[in-house]
Amino acid sequence: MWGSQSSSMYKRTSSREYSPMVDVEDNSRLLLDDDDDVSKETETTNPPWICSLPHVLVATLSSFLFGYHLGIFCLVVSVCLGGAFIGSLFSGGAADGLGRRRAFQLSALPMILGAFVSGVSNSLAVMLLGRFLVGTGMGLGPPVAALYVTEVSPAFVRGTYGSFIQIATCLGLMAALFIGIPVHSITGWWRVCFWLSTIPAAALALGMFFCAESPQWLFKQGRIAEAEAEFERLLGGSHVKTAMAELHKLELDKTDEPDVVTLTELLYGRHSRVVFIGSTLFALQQLSGINAVFYFSSTVFKSAGVPSDMANIFVGISNLLGSLIAMVLMDKVGRKLLLLWSFIGMALAMALQVGATSSYLPHFSALCLSVGGTLVFVLTFALGAGPVPGLLLPEIFPSRIRAKALALCLSVHWVINFFVGLLFLKLLEQLGPRLLYSMFSTFCLMAVMFVKRNVIETKGKTLQEIEISLLAKP
């Protein structure tokens, strides 16, 4: 069974061989000796990707649930967003304090309870309580999923595995659309929609009992032998020594830093620049107008005579297609190039929307531009701006601050998400579609310039290599 402790011919090195010595010179000598041993004894090929795949697939159940709950009953989506903001604030502390696996299980609990409460509710207040509970799980799960997938994936497929998060979200949205079809014809079916979501939530909580814990988290806790054992499960025995040597080299390259990560350190400390980059990426992702497009795309299609259910399916297919293309390209062309292509495509798609508002165009041509612009926007978003930030940020954040820095950045994401959804219709009425879509296009072009100037490429590098390279920069 893939979840059980594997036995292999690889002889595990004792933690003593890896543990730092008191004398700095001895430390350096030990590291050099280890590096020599690694070059002689370990394989130069990539580790088998199949070892880590089951663990990643279980983790993406949280993203499936995220998409599913966004897809059902948008009238109370704002309550979910409030709960998600609260959940994201606590996600870093939960992931660091409890470990990645238990944090997943913690996120599943409010989703199960909230779905049950919403399903049995007979009043709006009880429904809102259930949705708020679900929202806290939605806010807690995605940051932990991004952390976990990044930390357990081999470097050469980390981008591909990271794309699974976006694909699972798309599948969750589409599942909600299809399961919700009988709502208008079957009395009480909306309760079934909620109750069905408890199945993947329970599968996530139970599946995590059989998944590997993050070796990076175990190493931070001083549980060296356990970290080594999990590396063996995830990478295969012949790659353990290399991975452990990189972790110890990273520890030697660091200056003395406190164990506790504070908000002040994230905002003003030595790592404030990468936190700023992460927060800005998520802010620009939301200011591009993606959630305005998702929430109100049915209105655009309705004006073209397309039923809302069909409109949602078209948008879902575009989202899924873009995510699948991103999965294929992520580890080939890299994160930065996909981000650039994505934001450029989104800017052009918004330009199509602006063109559709022209009074000089025939009505049918304007409708084609509007519908086409919507679908192209969703497709290009899913190519890069959707999946890349959640993958890139855990890669560039140092291991000590990774969980809490990602929690802070995702909190920014939820705040802007909420206000874009809240203000979009008011701004549309006051400014008109031409000016509003022009603003969204401008934000996309700003994102292109920001990515070109600030984002580094992480394709094919181990997390330790990325962190060491960032520490070497002034």
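1. Helix α7 (residues 124-152) packs against helix α20 (residues 388-396) at an angle of about 60°, and their axes lie 9 Å apart. Axes here are lines fitted to C-alpha atoms, for helices over the stretch in contact, with angles running from 0 to 180 degrees between N-to-C directions. The crossing of α7 and α20 is right-handed, that is, the near helix is turned clockwise from the far one by less than a right angle. On the α7 side the contact (heavy atoms within 4.5 Å) is made by Ala146, Leu147 and Thr150, and on the α20 side by Gly390, Leu391, Pro394 and Glu395. These residues comprise 4 nonpolar, 2 polar and 1 charged; Ala, Val, Leu, Ile, Met, Phe, Trp, Tyr, Cys and Pro count as nonpolar, Asp, Glu, Lys and Arg as charged, and the others, Gly among them, as polar.

2. On the basis of the values: the model is predicted, local features need pLDDT of at least 70, side-chain atom pairs count only at pLDDT 80 or more, and totals for chains, interfaces and linings use all residues. Residues are numbered from 1 along each chain as its sequence is written, and side-chain values use heavy atoms, with hydrogens and water left out.

3. The protein contains 23 helices and 0 strands; both are DSSP runs numbered from the N terminus, helices being H or I of at least four residues and strands E of at least two. Of its 474 residues, 54% are buried, where buried means under 20% relative accessible area, exposed over 50%, and partly exposed in between (1.4 Å probe, protein chains only). Among contacts between residues at least 6 apart in sequence, 83% join residues at least 24 apart.

4. Glutamate 395, one of the α20 contact residues, also forms a salt bridge with arginine 335, with the closest N and O atoms 2.7 Å apart. A salt bridge is a side-chain nitrogen of Lys or Arg within 4 Å of a carboxyl oxygen of Asp or Glu. The pair links distant parts of the chain, glutamate 395 in α20 and arginine 335 in helix α18 (residues 335-356), 60 residues apart. Both residues are buried.

5. The structure holds 10 salt bridges. One of them joins aspartate 96 to arginine 100 at 3.3 Å, N to O, and both of these residues are buried. Another joins glutamate 230 to arginine 233, with the closest N and O atoms 3.2 Å apart. These two residues are separated by about one helical turn because they are 3 residues apart in helix α12 (residues 224-235). Glutamate 230 counts as buried at 9% relative accessibility, and arginine 233 does so at 11%.

6. Two further sites concern burial. Helix α4 (residues 61-71) is mostly covered, with 8 of its 11 residues buried; among them are Leu65, Phe66, Tyr68 and His69. Serine 318, in helix α17 (residues 308-333), is buried with a relative accessible area of 12%. Apart from neighbours within four places in sequence, serine 318 is in contact with Leu375, Val378 and Leu379.
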